[in-house]
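The questions below concern the terms applied to a protein model and the values that stand behind them. Please consult the sequence and structure while reading.

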Amino acid sequence: MEKIGKPIRVFKFGGMCTASGENIKKVLSILKKYREHKLIIVFSAKGKTTDNLYEVLRLWRSNDPAWERKLSEIVQGHSNLAKKVSSVYPRNTIAKFDDYYHAILSILSDKRNMQTNAVAKNILSAKIVSYGEQYATTLMYELIKGEIRKTPLVISAKECIVTDEVVMDAQIYENDTQRAIQQRLVANQAWGEMHPWVITEGFIATTKSGHTSLLGREGSDYSAGIFGAFTHAESVTLWKTVDGVFSSDPNSTSGAQLYRELTYDKASALHAKVIHPKTITLLKKYNIPLIVKSIHKPDEVGTIITA
């Protein structure tokens with residue numbers, strides 16, 4: 001596959017980056033600096049949304065009616081956050097949140113979905129949990145339009161990343177995924193001068209048979225790596241709320257060392273908790289630099305991982 005046009009950068013923003021109004025404003029400030037760059041922007045579900053959706057499923061399967069209240073809290077949390085960040089937040093986005101809510105409500109209100117085997121249960125779980133990334137992407141798309149005055153191209157990761165049928169911890173099919181990204185993204189004439197930014201979801205994908213699949217916990221890093229590898233990006237940056245990759249957890253170890261540079265092999269050996277391990281393996285294969293930076297210190301180097 002040939003490189004295309006301007007150099008491509010992939011930015012992935014972790015869930016804590018969009019967990020508060022203050023953090024979202026920092027994300028928007030960072031993006032403003034890259035107005036003229038060709039970006040693929042990957043968003044994780046905000047904050048604890050993924051955990052909360054798993055809790056909705058647990059309550060539902062326990063026949064606890066509290067699942068509906070928990071689901072409503074998730075929707076309300078996104079709406080409240082949007083209003084905190086922007087005074088001109090469009091009403092149609094709140095309506096989109098409601099659409100997601102009613103879609104989940106429809107699935108979980110159907111009693112037939114309680115009487116399913118293990119495979120069907122996992123398929124349902126993956127579909128419900130995937131809404132976390134869809135909420136986050138919708139939220140950030142509208143805020144980027146309203147606050148940066150830029151209209152990104154939205155392409156669902158479910159149209160680009162193809163996996164096996166193990167929907168809760170799926171393995172990608174590289175050839176199928178590369179072909180899908182080529183068709184839906186690289187060859188998309190709308191991605192260019194008019195729409196230099198593409199927004200997509202992390203963590204989620206689609207099986208060959210058409211079911212929603214998940215790339216495992218912290219899988220949004222892996223999503224960013226996939227998009228970076230198969231568009232021959234200049235680099236992949238994982239934006240987080242930590243300064244980079246440390247020798248140990250800086251929250252529990254006073255002498256934790258921040259690494260400014262690492263090789264792919266050294267980063268893998270560290271079992272760095274801030275990076276999904278498959279991300280490093282894939283980017284090493286395609287020799288794409290990986291950068292880990294903090295939204296709180298965007299002008300600092302962070303950690304750069306290369307060969």
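The model is predicted, with local features requiring pLDDT of at least 70 and side-chain atom pairs counting only at pLDDT 80 or more, while totals for chains, interfaces and linings use all residues. Residues are numbered from 1 along each chain as its sequence is written, and side-chain values use heavy atoms, with hydrogens and water left out.

Q: How do you know that the reach of α3 is close to the span expected for the helix?
A: Helices (H or I, at least four residues) and strands (E, at least two) are DSSP runs, numbered from the N terminus. The expected span of a helix is 1.5 Å times one less than its number of residues. Helix α3 covers residues 66-85, which is 20 residues, and 28 Å is expected. From first C-alpha to last, α3 reaches 29 Å, close to that value.

Q: Which residues of α3 are buried, and what do they pack against?
A: The buried residues of α3 include Trp67, Leu71, Ile74, Val75 and His78. They pack against α1 (21-32), α2 (49-61), α4 (91-109) and α6 (131-148), where contact means heavy atoms within 4.5 Å. In general, an α-helix has 3.6 residues a turn, so residues three or four places apart point the same way.

Q: Why is Cys17 called buried?
A: Buried means under 20% relative accessible area, exposed over 50%, and partly exposed in between (1.4 Å probe, protein chains only). Cys17 has 1% relative accessibility and therefore counts as buried. Cys160, at 0%, counts as buried as well.

Q: How many disulfides does the rule give?
A: A disulfide is a pair of cysteine sulfur atoms within 2.5 Å. By this rule the count is 0.

Q: What makes β4 and β7 edge strands?
A: Two strands pair if DSSP finds at least two bridges between them. Three strands form an open sheet of mixed pairing, in the order β4-β6-β7. Because β4 (162-163) and β7 (212-214) each have a single partner strand, one side of each is left without a neighbour in the sheet.

Q: How do you know that β4 and β6 pair?
A: β4 and β6 (residues 204-207) share 2 bridges in the parallel sense, which meets the requirement of at least two. Thr163 has Thr207 in β6 as its bridge partner.

Q: Why is Ser248 called partly exposed?
A: The relative accessibility of Ser248 is 28%, so Ser248 counts as partly exposed. Ser248 lies in the loop between β9 (245-246) and β10 (258-259). Leaving aside neighbours within four places in sequence, Ser248 is in contact with Thr253 and Ala256.

Q: What makes Arg149 exposed, and what is its phi?
A: Arg149 has 66% relative accessibility and therefore counts as exposed. Its place is in the loop between α6 and β3 (153-154). The phi of Arg149 is near 60°, a positive value in a residue other than glycine. Most residues other than glycine have a negative phi.

Q: Why is Asn287 called exposed?
A: At 52% relative accessibility, Asn287 counts as exposed, because the term applies over 50%. Asn287 is placed in the loop between α10 (277-286) and β12 (290-294), and its phi, near 55°, is positive too.
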